[in-house]
Amino acid sequence: MNITNSARTEPTAEDGTPRPDGVAPTQERVVRRRPKNRRAQIAAEAASAFGAHGYHGVSMEDIAGKLGISSAALYRHYRSKYALFREELFRLADVTVAAVTLPEDAAQWSPRERLDHVIDAVIAKTIGNRSTTALVRWERRYLDDGDRQALDDKFAEAVRLLGGVVRELRPQLPRDDVAVRSLAVFSVVSSIGDHHATLPTKLLTPLLASTCRALIDVDLPAPEPARPPAEPDTGSPFMHEVLLSKSVELFHERGYQNVSVEDIATAADLATASAVYRYYRSKSDLLAAAFRRAADIVSSAIGPAVAASTSPAEALSSLIDMYVQGSFAERALTYVYYAEFGNVAAEDRVTLQHIQQLVIAEWTKLLVQVRPELTEAEARILVHAGFALVVDLGRAFGNEGVAPQNRVVTLHRTTLFGHA
């Protein structure tokens, strides 16, 4: 006899008593359906996380937790964190190329109208993707070689397309001039991804647009020959300096997360990694020392420049000269200062942020005195844009004659002053 089939139970109410009608209540079963746009949700959350914490600061578990799903569910859509990261970078590249691609009816527009359309499109797309714009600027080095080359090719195509529009407006410009101006436009616009200074879109858009137009319209000076590097110190430097210099070079080339203490020891000709700890407590301590060095160079120039100048414009011009000169002399340090802030230890980050804020505030105060039509918020955006432009042009052209110091100075001044 089948005991299960022979046993009968009376239908009961919720309190356990038999129901008078003898009918069992219908049990509701919650059916969870996978959202049709789950992949898009994952991509959006990953983009936000990468933008806030960088590639190495985010795990698949972090992304899954934000979405309220399991890691296994996440891996059904993306096989790795790298795949998510790669997809976001290439999405941004495609968005950028689309922004500088003219519509079919643009053939009827004037060269100025075509340029205005492209600039406005680039600004709109960048503002719409502000939280992840910095990924392309500073994190793309974590892509595999093949992917990084493919991504760079896409952005090179965007620069080329913008250059074609610039050349229609200013056909007399040499090819190198067009390339420098095009890259300067992208740098100024994308600089909003490097900081958290806020400005309503209705004010930010015309501010960036007018700055970009000024960069296209300004007449650049003839390239000056590269200045000879400073004579090297013939004495043996302290090991503190050797380690700091070698670590900055490695952080610049590979990224902080991809450099070990063993790598630094080898570069400094030390026998073992433990020898590094005689001079610095950790790799993080080396990074903090590099940041303090960079911050001190920029902050210490402000007082003497203001004291030696007869006007805010003269003081700001002097600071621009010194910033560009220092950036050319310490390219790796300048780049690391921008790219690796998220990796600075929390206890050092507060002090460094305070120094950064003071520098920005002093430059902003001078700029508002030079251009009283600007609010402090608008001036702050331009100060950040000027710093980013110098770094980006140096990174793109290095010590080539395409963007020597005198031209970078002119573009930096144009970014801040609105003219040369």
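**Pockets, rings and burial**

Mentor: About 660 Å³ of space lies in the second largest pocket. The model is predicted, so local features need pLDDT of at least 70 and side-chain atom pairs count only at pLDDT 80 or more, while totals for chains, interfaces and linings use all residues. Residues are numbered from 1 along each chain as its sequence is written, and side-chain values use heavy atoms, with hydrogens and water left out.

Trainee: What makes a set of points a pocket, and what makes a residue part of a lining?
Mentor: On a 1 Å grid over the protein atoms alone, a pocket is an open set with protein on both sides within 12 Å along at least five of seven lines, whereas a cavity is a set where a 1.4 Å probe fits but cannot get out; lining residues have an atom within 4 Å of a point. Points are joined across faces, edges and corners, and the volume is the space filled by probe spheres set on them. For the second largest pocket this gives 24 lining residues, with V136, R140, F155, L183 and F186 nearest its centre.

Trainee: Which element gives the most to the lining of the second largest pocket?
Mentor: α9 does, with five residues. Helices here are DSSP runs (H or I, at least four residues; strands are E, at least two), numbered from the N terminus.

Trainee: How much space lies in the largest pocket, and which residues lie nearest its centre?
Mentor: The volume is about 1,300 Å³. The lining has 42 residues, and D194, H195, H196, Y338 and F341 lie nearest the centre. α17 gives the most to this lining, with seven residues.

Trainee: What makes W138, F291, Y335, Y337, Y338 and F341 a group?
Mentor: They form one aromatic cluster. Rings of Phe, Tyr and Trp (its six-membered ring) pair if their centres lie within 6.5 Å; planes under 30 degrees apart are stacked, over 60 edge-to-face, the rest tilted. By this rule there are 13 aromatic pairs.

Trainee: Why is R114 called buried?
Mentor: Buried means under 20% relative accessible area, exposed over 50%, partly exposed in between (1.4 Å probe, protein chains only). R114 has 12%, so it counts as buried. R114 lies in helix α6, and a polar atom of its side chain is 2.5 Å from the backbone oxygen of W109.

Trainee: Is D285 buried or exposed?
Mentor: At 12% relative accessible area, D285 is buried. D285 is found in helix α13.

Trainee: What makes the pair D285 and R281 a polar contact?
Mentor: The term needs N or O atoms within 3.5 Å; within protein, one must be able to donate a hydrogen and the other to accept it, and residues adjacent in sequence count only if both atoms are side-chain atoms. The side chains of D285 and R281 are in such a contact at 3.2 Å.

Trainee: Why is D269 called exposed?
Mentor: Its relative accessible area is 71%, so D269 falls in the exposed class. D269 is found in the loop between α12 and α13.
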